[in-house]
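Subject: Structure handover

Hello,

Here is the structure for you to look over. My notes come after it.

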Amino acid sequence: MKNITKVFILFSSFIFSYQIMCNINFSAQQNKKLISNNNYLPIHYQSSITALCFYGLLIYCSDSSIHYKHQICIMKNMTHLKKIIEYLAISHGIYNFLRLDNSFLFFNQITNNTGYTFHDFTLYILKIYQELKNTLHFFKISKDSQSEASIFLCHASLITIPKMLYLASDNPILYKKITLFEKNEIDQRAWLINYIKEQIFEHFLDIQKNSKDIGIII
Amino acid sequence: MKFIFLFLLLSANLYNFDLTAHTLKLSTIYSPIPLIDGNLDAKNVQFYNYINTLSIPLTACIYSILNPYHAIDTIQKNQLISSFMIYYMIHSANHCYILHKKKMIKNEIRVYVKKLFHLLIVMHGINNQINALEYALYKNTTMHSNHTPQNVMTMLEKLDSQWIILLAHYRKQYPLDSLYAYPIDQISIFEIAQATTFSVNILNTLTESYKNKHDVDYNLIINYAKTELEKIDIIMHNIT
């Protein structure tokens with residue numbers, strides 16, 4: 001059905017553009033003749049087709065714009081969610097590397113400015129991500145296959161430095177800091193935690209800002 | 001004997017019932033609509049809605065401006081093509097009307113499915129919260145008591161049975177639609193918040209209950225559920 005609609009739209013846009021081209025590029029003689037005899041141009045003789053094409057294009061443009069806006073809105077939120085999940089995974093990696101005694105204090109300091117505990121925050125983020133995927137499926141919005149490429153399953157206790165580096169591969173500053181952190185440079189620990197905390201909070205604020213448009217309550 | 005037992009087990013699995021419970025109880029809610037509606041805010045698409053509304057009058061204006069002859073003259077000149085075109089137009093208009101009606105009915109059923117689904121999520125969320133509180137009490141005092149109020153349980157049973165009927169009707173009409181699964185024991189404040197779009201007061205009451213971990217007066221939500229259930233009952237009676 002989608003293909004038929006596309007073919008129809010292409011056909012109508014072709015006819016519409018043909019009509020306009022005829023109107024513009026009509027030879028001078030014919031133009032003169034037509035105007036002198038009847039005052040009519042080719043577009044006038046096929047008025048019903050032109051009107052139909054105009055209607056089809058108008059509806060198609062407005063519908064596809066709404067669809068595009070909808071898609072952008074959901075995908076924007078999904079990108080922020082993915083980033084947050086990456087930072088949460090990196091914070092698990094830091095914890096695994098340091099092997100601290102008090103995990104509760106370490107993790108909750110990362111999400112304390114969001115108003116949730118680390119456990120609740122992770123759970124909510126994953127749930128929102130899953131729900132948005134369901135929404136995309138429900139509205140039959142096609143998703144870029146590359147957007148799923150970076151997802152991999154790994155237990156939190158198995159996140160090591162190489163996995164952290166892989167997650168930070170698109171962020172050169174973070175990548176460099178993780179390599180320094182691996183060399184046991186103590187200053188990097190506080191910097192890394194603060195950076196992750198800030199990034200998570202920023203993305204969280206962005207999600208909160210965008211979520212009202214598509215009815216997510218956080 | 002083995003065969004009968006296997007059959008019973010399979011059918012229980014298929015219909016998603018808990019055999020261990022005394023009453024009929026759902027373990028997972030299968031919904032044809034996801035929890036997050038995902039519809040764009042009306043303000044964001046206002047301009048495009050105007051275009052959609054104005055498209056037919058605009059097309060009529062363009063047609064009347066461009067058309068050199070009167071429509072009657074054109075029909076009189078090309079009778080055969082005109083009669084065929086009129087027949088085809090009436091036929092396609094009829095087809096479009098039927099499709100539109102079908103879509104309207106589907107949307108109407110979807111509205112009620114969504115309402116009932118949200119109520120079901122909220123009530124099961126409340127039940128989970130009550131159970132969690134009961135468990136905490138049991139852990140502290142080593143005394144076990146049935147804490148769930150009777151009116152919550154009754155409403156939950158009514159909603160469950162209504163949901164099974166409505167979902168069966170929906171699946172019969174639209175068997176190809178996808179289903180989204182929501183395990184009942186995992187319903188928490190997140191699901192409740194997404195489902196409580198119908199009332200801010202109820203959302204605040206339930207959020208407070210979850211944050212401060214204490215019981216609240218559930219009469220507000222139960223009364224709301226009762227009125228909605230009555231409405232859905234009437235609609236279901238009309239549909240079936």
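Below are the findings, grouped by topic.

This is a predicted model, in which local features need pLDDT of at least 70, side-chain atom pairs count only at pLDDT 80 or more, and totals for chains, interfaces and linings use all residues. Residues are numbered from 1 along each chain as its sequence is written, chains are lettered from A and ligands numbered from 1 in the order in which they are written, and side-chain values use heavy atoms, with hydrogens and water left out.

Chain B overall

Chain B has eight helices and two strands. Helices (H or I, at least four residues) and strands (E, at least two) are DSSP runs, numbered from the N terminus. The order from the N terminus is α-β-α-α-α-α-β-α-α-α. Of the 240 residues in chain B, 35% are buried. Buried means under 20% relative accessible area, exposed over 50%, and partly exposed in between (1.4 Å probe, protein chains only). The accessible surface of chain B is about 15800 Å². Carbon and sulfur atoms account for 63% of that surface. Areas come from the Shrake-Rupley method with a 1.4 Å probe, and for residues only the protein chains shown count as cover. Take the contacts in chain B between residues at least 6 apart in sequence: 77% of them join residues at least 24 apart. Contact means heavy atoms within 4.5 Å.

Core

The largest nonpolar core has 91 residues. Such a core is a set of buried Ala, Val, Leu, Ile, Met, Phe, Trp, Tyr and Cys residues joined through side-chain atoms within 4.5 Å. The members that touch the most others are I90(A), I178(A), I29(B), M123(B), I126(B), W163(B) and Y218(B). Helix 4 of chain B gives the most to this core, at 12 residues. Which residues does I178(A) contact, leaving aside neighbours within four places in sequence? They are I90(A), I161(A), M164(A), L165(A), A168(A) and L192(A).

Surface patch

Chain B also carries a nonpolar patch on the surface, formed by L80(B), I81(B), F84(B), M85(B), Y87(B), Y88(B) and M89(B). Together they have about 870 Å² of accessible area. Patches take residues with over 30% relative accessible area and no salt bridge; like charges are joined within 9 Å, nonpolar side chains (Val, Leu, Ile, Met, Phe, Trp, Tyr) within 5 Å. Y87(B) sits in helix 4 (residues 79-141) of chain B. Y87(B) counts as exposed because its relative accessibility is 53%. In soluble globular proteins, nonpolar side chains tend to be buried together.

Salt bridges

There are seven salt bridges over all chains. The criterion is a side-chain nitrogen of Lys or Arg within 4 Å of a carboxyl oxygen of Asp or Glu.

- K83(A) and E86(A) pair with their closest N and O atoms 3.6 Å apart. Both are in helix 4 (residues 47-98) of chain A, three residues apart, about one turn of the helix. K83(A) is partly exposed at 22%, and E86(A) is buried at 18%. K83(A), E86(A) and D170(A) are linked in a network of salt bridges.
- K106(B) and D177(B) meet at 3.3 Å, N to O. K106(B) is in helix 4 of chain B and D177(B) is in the loop between helix 5 (150-173) and strand 2 (180-183), so the pair ties together parts 71 residues apart in sequence. K106(B) is buried at 18% relative accessible area. D177(B) is also buried, at 18%.
- E228(B) and K115(B) have their closest N and O atoms 3.4 Å apart. E228(B) is in helix 8 (residues 219-239) and K115(B) in helix 4 of chain B, a pair that links parts of the chain 113 residues apart. E228(B) is buried at 5%, whereas K115(B) is partly exposed at 31%.

Contacts between the chains

S62(A) is in helix 4 of chain A. Its relative accessibility is 2%, so S62(A) counts as buried. Beyond residues up to four places away in sequence, S62(A) touches Y48(B), I51(B) and N52(B). From the other chain, I62(B) in helix 2 (residues 46-66) of chain B contacts A51(A) and F54(A), leaving aside neighbours within four places in sequence. I62(B) is partly exposed at 23%.

Best wishes
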